[in-house]
Amino acid sequence: KEKLPHFSSHDHIFKVRDALPRRKTLTSILKAPGGLIRISMAIDTKTQVINQILITGDFFAYPKRAIFDLESLLKNSKTTSSNTKQIIRNFFAGQKPSIPGVKEDHFIQAVEEGLQKMDLLPHGFDEEDTHHLFPVSKPFAEVKKPEVLLLPYCAKEIDCDFRYQKGCEECGRCSIGDAVQMARSFNMDYLTIQNYEDLESTLYQVKGSGARAFIGSCCEPFYGKHRPDFERIGLPGILVDVERSTCYDLNQEKEAHFGRFENQTHLNLMLLKRVLEYVHG
Ligand code: SF4
Ligand code: SF4
């Protein structure tokens, strides 16, 4: 049997393509067993048509042009979910590309999630904002009246007594205190998350208490990696990207997992506030 050349290669071709300009695009990321899929689309919101689409990631595809063909089929097509779904299904049925660990449903979901960000645009978010918002288990529009705000320890002041324990006394020295006050003004509880294990048990606990949804903050690489975990737990929510260098940028992902990341990130308070207004509006 002929060996598929790219499977034995370390060349993750889809990672190294020129990105579409972020300012006017909608994006999504989805982790499939075979790799991360990134979708970037320029949409004509008046005609509801996909003007341009770029599918990148670190998965392998054979033949190599399969992804380019899929992009061509989606380009200039209507943005309705039924339409993009049909295009992707027809493409897989016709071309039968080999993409280990990535199914047509993963592409359908990734494209759909990018398009769902269109729903945010009439609510005071622009395209740039939407790059920093990540859905958990449900489309943004279906996350309503969340009861809890989850805040990452990495945004706490490095010397704060609460850096390595739950809580915050709202001393005003970092963005966590502002977020706690914001939570209160929306009648929400808040919890700081001290490590990965704490995140899992907190989400299970909040879900078990009968909560509808949560709002949280984390970095994009964390969301990309742990999205399947969030979905396994199943509490719907919206995550807002943190600002400044993340533990992934600094190669301290392992330390961060156990709650020992020693850099300080910053919460995007303006965006967080707009998200809280959106979900409670
Ligand atoms: S606002 Fe809260 S988390 Fe930030 S330094 Fe003060 S007590 Fe610590
Ligand atoms: S992965 Fe690192 S930077 Fe990202 S939210 Fe967690 S501790 Fe913060």
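Colleague: Where is P63 found?

Modeller: P63 lies in the loop between β3 (49-57) and α1 (66-74). The model is predicted, with local features needing pLDDT of at least 70 and side-chain atom pairs pLDDT 80 or more, while totals for chains, interfaces and linings use all residues. Residues are numbered from 1 along each chain as its sequence is written, chains are lettered from A and ligands numbered from 1 in the order written, and side-chain values use heavy atoms, without hydrogens or water.

Colleague: Why is N76 called exposed?

Modeller: N76 has a relative accessible area of 54%, so it is exposed. Exposed means over 50%, buried under 20% and partly exposed in between, with a 1.4 Å probe and protein chains only. N76 is in the loop between α1 and α2 (81-95). Its phi is near 65°, which is positive although the residue is not a glycine.

Colleague: What makes E170 partly exposed, and where does it lie?

Modeller: The relative accessibility of E170 is 25%, and so the residue counts as partly exposed. E170 lies in the loop between β5 and α5. Its phi is also positive, at about 55°, in a residue other than glycine. Most residues other than glycine have a negative phi.

Colleague: Which residues are around ligand 1?

Modeller: E170 is one of the residues around ligand 1, others including K156, C160, C168, C171, R173 and C174. A residue belongs to this group if one of its heavy atoms lies within 4 Å of the ligand.

Colleague: Which residues surround ligand 2?

Modeller: Ligand 2 is surrounded by C154, C218, C219, F222, T246, C247, Y248 and A256.

Colleague: How do you know that S28 is buried?

Modeller: S28 has 7% relative accessibility and therefore counts as buried. S28 is in strand β1 (residues 26-32). Leaving out residues up to four places away in sequence, S28 touches I37, R38, I39, A110, E113 and G114. Contact means heavy atoms within 4.5 Å.

Colleague: Why does F214 count as buried?

Modeller: The relative accessibility of F214 is 1%, and the residue is therefore buried. F214 is in strand β7. F214 and V136 stand 78 residues apart in sequence, with their C-alpha atoms 9.2 Å apart.

Colleague: Which residues touch the most other members of the largest nonpolar core?

Modeller: L133, I215 and I238 do so, in a core of 50 residues. A nonpolar core is a set of buried Ala, Val, Leu, Ile, Met, Phe, Trp, Tyr and Cys residues joined through side-chain atoms within 4.5 Å. Among the elements that give two or more residues to this core are β4 (133-136), β7 (214-218), β8 (237-243) and α9 (269-280). The most comes from α9, with seven residues.

Colleague: What is I215 in contact with?

Modeller: Apart from neighbours within four places in sequence, the contacts of I215 include V143, L149, M188, I238, L272 and V279. A second, separate core has 28 residues, including I50, A61, I67 and F91.

Key. Helices (H or I, at least four residues) and strands (E, at least two) are DSSP runs, numbered from the N terminus.
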